[in-house]
Amino acid sequence: MVDQLPAAFVEWIVSNGQLFASGLVFSSIIILGSIGLALVYAIGDFPSFAHGDLMTVGAYTAVVVNVILGLHLAIGFVVAMVVTAAVALGTDKLVFRPLEGRAIELLITSIGVAFAYRALIHMGFGPSSRSYDVGGRGGIEWIRETFGVTVTPRGATIVLTTLVLVTALHLVLQYTTLGRMMRATAENKELARISGIRTQRVLAAMWLIGGALAGAGGVFLGLELVIRPRLGFSILVVLFAAVILGGIGSVYGAMLGGFVIGMAHELTPMIGAAVGAVPLLPAFGSEYDAAVAFVIMILILIVKPTGIIGGKTSA
Amino acid sequence: MSLESRLRSTLAGRTEEEKRVLALIAGFLSIVLVLVVLGPVVALTGLPLPTLSISFIISTLAIAGMYLLLTLGLNVQWGYAGLVNFSVVAFWGIGAYTGALLTGAGSPHELELHPLYGLVVAIVLAAVLGFAIGLPTLRLRADYLAIATLGFSEIIRIIILNEEWLTAGGLGVGGMPTLVSTWPLSFTTPVLDPIADLLGAQTRTVHDLVFVMLLTFVVFLLLRRLQVSPWGRVLRTIRGDEDVAAALGKNTYWYKMQAFVLGCVIMAIAGWYYAHHVRFMTPAELDPIDTFYIWVAVILGGSGSNRGAIIGGFTVVIILQGTRLYNDFIDSILFFLTIDEAALRLLLVGLLVILVVRLRPEGILPPQREHIWPAALRERAGEEGEQ
């Protein structure tokens, strides 16, 4: 009986392997986005509603390099990270910093910033959808033979690159002076400043890192979906769900939250069927993927508002 | 009493802000008047001057009433209680769709009920959903409500778009009856129809205009009364410092919930009116940007002030209608730039939000004496008069 359970579980995983594989890819994108959001939340102390549109900035920067200039998307990816980081830092200097940390004003202003980003992109590139000029749509042969699921080279690149970036961020946070300063500032800004940490510089570093990761996530989002001006704004709710699930302001929480929410987002058809099997509840399809993330977020707010990893402890 | 001395006595008791706003209103009204008068002149001479027709003004005001209701509703939440509600358009849409589905001839349910049923159900539904959103979030920091309401707004849009059996989906719902042609308001028809004919406007629009302005006025009076009541004072304390209110023994959670639900209900009423005014609803109308038009109106007018909400609401309507009206004009100047109108409006709203919060967070007409009990104000004025 007991040893049958894992077998059933493995069978269940294998039979839904394709959904899990694409869930892994989507989770990677959400992780990249939600880390930046969590960094701003931890150190800047406000939820930035412009973060989704910051990802759109990254996606369109890569369009310029890859489609308009005709260079390889890998170059576009690097340029997108740099440009998005610069845009994030510039926005902070120009718009957010003059508000001197008044959280509610910052929150409302960030919506204005989100609209401004999207409007400018819309004006520059038009409302029509675009896609990158890169191959990698076919499944990888040996993965299909071994695991029986289709993983595209695109998907594999997204997952592996995210792993590298997340590991790099982990090393920076734990083993460098900058990382220690960032964690100290997230924990208690006043105390950090008294101990001689230049919190303004830490804030700048935070915007650069968060922006770069958003740019990377934006390019990957553009690889998986069609690129349009609403690209980033439409997953903002999903990003917030990931950050709240992990615990506001916690970078490691955002990684975990991003993984769970990304999976749930892609597994929506399965969740919908499971919910439909319960009497009185309706079944639903993938059109409700954002709704699933939202419901998880509300449940977390009811049960454990501090999130899984809780509070601003590990930044 | 001459006109000048009468004007003087009106201005005497006013604050600087009030004088400035009065001057602005007077200036704006005179511009409108000139543009209206220019209408026949242009028609006769064919001069290339901008004009305004009376029927355009009437239809604009009939829509403006809806914006004023929404602004008053958000002012209760943000202005009175400091609650960040990013789902204004969702509660508006709940009201509009409830009205549309219960009364519309094109509704998939084919109920064609009286509009009053729609109003009652819209109010109840908005109150229940507002309560459900407030339940987990109002205990927490203000930003949780902002995040949850932004998500809620998107979910409502997705549900209305996808649940065709319930809402007719992307096709939209039409054929709602007009409000004023139905009992108990139909008695106004003999009075209003000749006026509409005289002004050369659609009779239905004139009816709706009178109805929505009366409705807005009643809501305005109600909210003004609430503002100076003990209830309003508790909310102001919560907005200023929630811990103080809690230390004074006030159940801040419950007060915030009441303000939130009241605001949501007013928004739903605005949507219900819209459904019967435009008489066609599609899910595309639930664009989140509309929420932020209302935000701009509230902050620009002066958070916490009902008069400010009215001024801000009108300003936003003028900006919106102005960009629509002079779109051709802008196109003819900037013909070398193909600017998408939707993108331009998005940029305008974005920049307005950023600039107003930065440059004038207190708004055009911040609440000042509105917080004082009117009788106390008169008493003080009387004492000063004796001295």
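In this predicted model, Arg279(B) counts as buried, because 20 other C-beta atoms lie within 10 Å and the cut-off for a buried residue is 20 or more. Arg279(B) is placed in the loop between H12 and strand S2 (280–281) of chain B. Although Arg279(B) is not a glycine, its phi is positive, at about 60 degrees. Most residues other than glycine have a negative phi. A positive phi is also found at Leu280(A), a residue other than glycine, with a value near 75 degrees. Leu280(A) belongs to the loop between H13 and helix H14 (289–303) of chain A. Leu280(A) is exposed, because it has 4 C-beta neighbours inside 10 Å and residues with 12 or fewer are classed in this way.

Helix H13 of chain A, spanning residues 268–277, contains Ile271(A). Ile271(A) is buried, with 20 other C-beta atoms within 10 Å. When residues up to four places away in sequence are not counted, Ile271(A) touches Ala264(A) and Val292(A). Between Ile271(A) and Ile298(A), which are 27 residues apart along the chain, the separation of the C-alpha atoms is 17 Å.

The largest nonpolar core comprises 207 residues. Within this core, the residues with the most contacts are Ala241(A), Ala293(A) and Met297(A), together with Ala268(B), Val296(B) and Val353(B). The element that gives the most to the core is helix H12 (residues 252–278) of chain B, with 16 residues. In soluble globular proteins, nonpolar side chains tend to be buried together. The contacts of Met297(A), not counting residues up to four places away in sequence, include residues of both chains: Phe240(A), Ala241(A), Ile244(A) and Leu245(A), as well as Gly151(B).

Helix H12(B) also meets helix H10 (residues 230–240) of chain B, and the axes of the two helices come within 10 Å and cross at roughly 110 degrees. H10(B) is therefore roughly perpendicular to H12(B). On the side of H10(B), the contact involves Val234(B), Leu235(B) and Ile238(B). These residues meet Thr252(B), Tyr255(B), Lys256(B) and Ala259(B) in H12(B). By class, five residues of this contact are nonpolar, one is polar and one is charged.

Between the chains, 31 residues of chain B are in contact with 35 residues of chain A. On the side of chain B that touches chain A, two or more residues each come from helix H5 (115–137), helix H6 (142–162), helix H13 (289–301) and helix H16 (341–359) of chain B. H6(B) supplies the largest share of this side, namely twelve residues. The residues on the side of chain B that touches chain A comprise 23 nonpolar, four polar and four charged.

A helix pair formed across the two chains consists of helix H5 (residues 103–125) of chain A and H16(B), whose axes come within 8 Å and cross at roughly 155 degrees. This angle means that H5(A) is roughly antiparallel to H16(B). The crossing of H5(A) and H16(B) is left-handed. In the contact of H5(A) with H16(B), 16 residues are nonpolar, four are polar and two are charged.

Key: Residues numbered from 1 in each chain as written. Chains lettered and ligands numbered in written order. Predicted model: local features only at pLDDT ≥ 70, side-chain atom pairs only at ≥ 80, totals over all residues. Contact = placed C-beta atoms within 7 Å. Helix = DSSP H or I, 4+ residues; strand = E, 2+ residues; numbered from the N terminus. Nonpolar A, V, L, I, M, F, W, Y, C, P; charged D, E, K, R; others polar. Core = buried A, V, L, I, M, F, W, Y, C linked by C-beta atoms within 7 Å. Axes fitted to C-alpha atoms, helices over the stretch in contact; angles between N-to-C directions. Parallel < 35°, antiparallel > 145°, perpendicular 65-115°, else oblique. Left-handed = near helix turned anticlockwise from the far one by under 90°.
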